[in-house]
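User: I would like to learn how to read a few features of a structure. Please take them one at a time, with the general idea before the case.

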Amino acid sequence: MKPPLFFSCLVLCLTSLSCERHAELQREIATLEAKVKHDEAATRQYDKDIAALDGREGLNRIVQQAQIKDEQLRPLEFVNAPRERKLSAIESGFAKLKPAAEAFKAAQPK
């Protein structure tokens, strides 16, 4: 891995600064290096976990399953259209009968 620019600048600063800040900067560098090593170890562990769960192949399998489900649902969209038209026709028939039903209710003696 190529050292980041930050570390290169930090090393350059260490070589040109006074001894007072030298020890403090060395501690900071050591802390940063430890964090980088920890992050690299975590990245390796994530890679192992992904590989254990079938990695990219698992993603491809999920995409294929989603495509199969889409193909299964597509015909159902066409089946529902005639049903929705029939339901709409029934609802419009009820809407036409509603004023007559209300007039009939109002005409009935209580």
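User: Is Val79 buried, partly exposed or exposed, and why?

Analyst: The general idea is to compare relative accessible area with two cut-offs: under 20% is buried, over 50% is exposed, and partly exposed lies in between. In this predicted model, Val79 has a relative accessibility of 40%, so Val79 counts as partly exposed. Val79 belongs to helix H3, which covers residues 55–107.

User: Which residues make the nonpolar surface patch with Val79?

Analyst: A residue can join a patch when over 30% of its relative accessible area is left and no salt bridge involves it. Here Leu73, Leu76 and Val79 form a nonpolar surface patch of about 260 Å².

User: What share of the protein chain counts as buried?

Analyst: The cut-off is again under 20% relative accessible area. Of the chain's 110 residues, 5% are buried. The accessible surface of the chain is about 10,200 Å², and carbon and sulfur atoms account for 62% of that.

User: How many salt bridges are counted, and which side chains meet?

Analyst: The test is a side-chain nitrogen of Lys or Arg within 4 Å of a carboxyl oxygen of Asp or Glu. The count is one salt bridge. Lys35 and Asp39 form a salt bridge through their side chains, at 3.9 Å from N to O.

User: How are Lys35 and Asp39 placed in helix H2?

Analyst: Both are in helix H2 (residues 19–52), and because they are four residues apart, about one helical turn separates them. Asp39 has a relative accessible area of 36%, so Asp39 is partly exposed.

User: What is the secondary structure of the whole chain?

Analyst: The chain has three helices and zero strands. Along the sequence the pattern reads α-α-α.

Note on methods: Residues numbered from 1 in each chain as written. Predicted model: local features only at pLDDT ≥ 70, side-chain atom pairs only at ≥ 80, totals over all residues. Heavy atoms only, no water. Patch = residues over 30% accessible without salt bridge, like charges linked within 9 Å, V, L, I, M, F, W, Y side chains within 5 Å. Areas by Shrake-Rupley, 256 points an atom, 1.4 Å probe, with all protein chains shown as cover. Helix = DSSP H or I, 4+ residues; strand = E, 2+ residues; numbered from the N terminus. Buried < 20%, exposed > 50% of the residue type's maximum accessible area, 1.4 Å probe, protein only.
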